[in-house]
Structure formats: C-alpha cells, structure tokens
Amino acid sequence: MFDAVIATLPEEWQMVAMIATFLVNWIPDAQAALVSYVWNLGSGSGTLMSRILLLLPALLVVVGIWSTMVAMYTLPFRSHRREFMTALVMLWWEVGRSIWLFWVGFVRFAWMLVGWLWGLVKLTLSLSFKAIRYVFLTPFAFMDWLGRKYFKPGVPWFAFVLTIAWCALESLIFTYALLPLVSEVFYDLSGVEARNVIAPILFFFLFAVITGSYAMVQALSDAMRDKDYKALVQLVIVEFSVMFFEVIFLYRELIDALTPWIASQTGVRLGFVSTLAFASIGWIGIRAMTWFFFARYGTPALLAVVARQTIGVESSGIEPRPQAPEPDWWRGPINALKAEREWFRESSRELLELLSLPVLQILACAINCATTVITSQTAFKLPFTRLDEVMIQDSLAQILKVRRPFATQAEHGNR
C-alpha cells in the first residue's frame, strides 16, 4: 500500500518517504498475512472455531502494532516521554491479558453452557417423572382421600365389602334370570333387539333395589331399637311392599326354576299361592342370613357413604374436615417450573455475561490502544469482571476529562 503511494511521488522524494514510513511500511503486508492465516486455518467446523477464537485477537494485535508504530512518530513531540513509553509497554500487557482472558472467557462460557444444558435436561426429566407419577398416583390419592373422608378407624370394612359384593352378586343373578323377559317386553314395545344395552341398565336397577331392601331392614331395625312404634308400623307396611315387589319379580323366578324338580320328586305342581309362599320364605331366609352375618354391620357404612356422612368410632376432640385432593398431576410440575424460574434467570444472565465479557474486553483494549496514542491514557479500566462494570461506564469524553494519570504524575514531579 505504501509502495504504491511512494511510487507516485517525485524520484527525489521517494527515498525520503521510504525512510519516513519505514516504521509502518511493513504493517499492511504482515496484517494481510496474519488475517489470511487465521481466516483459512482449519477445515469444516474447525474453520469456524478458529475464526471465533483467533480472528478478534489477531485484529487486536494488528491494532496494537499500528498504535505502537504511530506512537513512535509522536514521541519526539511529546512531553513526559518516560511515562508515555511506560504506557506503551503496559498497553501490550493489556493486549496479552485481554487475549488470554478472551480465550478463558470462552472456555468458561462453554463449561457453563454444558452445565446449564445438563441442569435443563435434569429439570425436564424431573418434571416428566413427576407428571407421570402424578398421573398414576392420582387414583390412589383419590381413594385415600375417600377413605379419610368417609371412614375413620373402627369402620367394619369386611362387612361393608361383603354387603356391596352380595348386592352385586344377587343383582347379577337376577339380571341373568330376568334378561329374557325384559328383552322380550322391550322388543314388543320398540321392535328393537337390544340385550347388550338392557343388561347393564337392568343390573344397576336391580342393584339399587336390593341395596334399598337392606336399607329398609336397617330402618326397621333402628325403629325397633328406638321403640318408635309409629315409625315401626309405617316401616312394616313399606317393608312388606318391598318384599312383595322382590318376591313377585325376582324370587318367583327362582321358584319357577325349581318347580320341575319338585314335581318330579313329589308329583305336586306348585300353584300361585304355594309359589309365592316359597318365594317369600326364600326372601326372608336370605335376608335374615345375610343380615345377621354381615349386612347389619355393613349397611350403616353403605348408608353413610350415600348420605356423605363420616362414620366410625367416636373420638375425643374436633378433627379437621379432610379436603378433597387437588389435581396435582399438572399443578406440581408447573409449581416446580415456577420455583426454577429464578435459577433460569440467573443462569441466562451469567451465560450472557460470560459470552459478552471476552468480546467487550477485546474491543475495550483496542479502544485503549487508540486513546493511549491520542491522549496518553486508557479509556477503560481492564479487565472487566462483571457486565455491570461495562454498563455503568460513562461517555468516553467524560472518562478522558476526569482521568489524567500522566498529567497528575507530572504535576506531582514538578512539585
């Protein structure tokens, strides 16, 4: 570059120009060779890494060389040359330190990024595990809440389960027995065959009827225990109606199934009255047997569940009412994510700081090279340790106006 400019000068001035520019004449070629070497170093992803890690330091070295060589031209005209030369020497110390901190900063950024990603993966796995666990544990938590809500210590669990199981079994048997008759009636009414639809409806209907009959027995037992004769008369009438309904529609089917066997063994064919009598005896026998075995203990628990009442032994003191379980299968992971929000914020700020400081360090050192040549002082105090130190820096003019270290040293020397 300088050779082309010198060639345009008169011949007698070319030697003078070459002597005057010998300090900087070699810099453009060295600069081009250095930048070209760094730009073409490596292959593939290695090229990108070399450009990231070496290009800015190489440019800083070039700026340092230009600043030093240009400063040599101003040295004869400066006062306080010793302090200025010291500043130039310390400038190269800043250049070397800034380059080293630039590389160390990228290593710290890469290490922190790996740790941050690992923490993010752990958090994701933790949230996924919690979500899956909440999904699978919600039914059990609901059952636990249901048990604490309705049942206290002392509940006859065995009798309660047996009562439910017996009502279900009896409903299943009578569903099988009555399904053909009900399906035929439904077909005559609608003209549609729907046994698969009728069967579950009939089962739940019979289950309600049979459990209701046990509830009537319990009410009758309570009236007899309390000697409430008015209610006892009413309950006897209602219980008789319940027995009549079940005998006519349910237990009669069992007796009809036994009629051929009785006729073959005794030669007697049961009539209307005898069939109802046998069915009534069967109903009374089954109700009495199940009542005295388990239903008299399980029926109160069943009625308490239907009435949403807590049952169990009496205990002293007032116990807190159990609360319904919240759907924690999604609330738990969200709360955990909210708890980690501050960690994400601090980590992202630290990553930004680690990524910004090395580059800002190089740029500040390059500016220091220029300001050292112009004003014999640096504009920034290096190294930067935090991003806040960069953000609170005043304008360059104010920095140069306030900080005059060489002038201050000269004034002290004159004194």
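Buried means under 20% relative accessible area, exposed over 50%, and partly exposed in between. The model used in these exercises is predicted.

**Exercise 1.** Classify Phe249 and Phe245 by accessibility, then describe their ring pair.

Solution. Phe249 has 44% relative accessibility, so Phe249 counts as partly exposed. Phe245, at 31%, is likewise partly exposed. Both residues lie in helix H8 (residues 229-266), four residues apart, which is about one turn of the helix. A pair of aromatic rings is described by the distance of the centres and the angle of the planes. For Phe245 and Phe249 the centres are 4.9 Å apart and the planes stand at 40 degrees, so the pair is tilted.

**Exercise 2.** Determine how Phe203 and Phe207 are arranged in helix H7.

Solution. The two residues are four apart in helix H7 (residues 195-226), so about one helical turn separates Phe203 from Phe207. Planes under 30 degrees apart count as stacked. The planes of Phe203 and Phe207 are 25 degrees apart, with 6.4 Å centre to centre, and the pair is stacked. Phe203 is partly exposed at 22%, and Phe207 is partly exposed at 23%. Phe203, Phe204 and Phe207 form one aromatic cluster.

**Exercise 3.** Is Thr68 buried or exposed, and which backbone oxygen does its side chain reach?

Solution. Thr68 lies in helix H4 (residues 45-74). Its relative accessible area is 12%, so Thr68 is buried. The side chain of Thr68 reaches the backbone oxygen of Gly64 at 2.8 Å.

**Exercise 4.** Over which ring does the charged end of Arg51 sit?

Solution. The charged end of Arg51 sits over the ring of Trp39, 3.8 Å from the ring centre.

Conventions. Residues are numbered from 1 along each chain as its sequence is written. This is a predicted model: local features need pLDDT of at least 70, side-chain atom pairs count only at pLDDT 80 or more; totals for chains, interfaces and linings use all residues. Side-chain values use heavy atoms; hydrogens and water are left out. Buried means under 20% relative accessible area, exposed over 50%, partly exposed in between (1.4 Å probe, protein chains only). A polar contact is a pair of N or O atoms within 3.5 Å; within protein, one must be able to donate a hydrogen and the other to accept it, and residues adjacent in sequence count only if both atoms are side-chain atoms. Rings of Phe, Tyr and Trp (its six-membered ring) pair if their centres lie within 6.5 Å; planes under 30 degrees apart count as stacked, over 60 as edge-to-face and the rest as tilted. A charge sits over a ring if NZ of Lys or CZ of Arg is within 6 Å of the ring centre and within 35 degrees of the ring normal.
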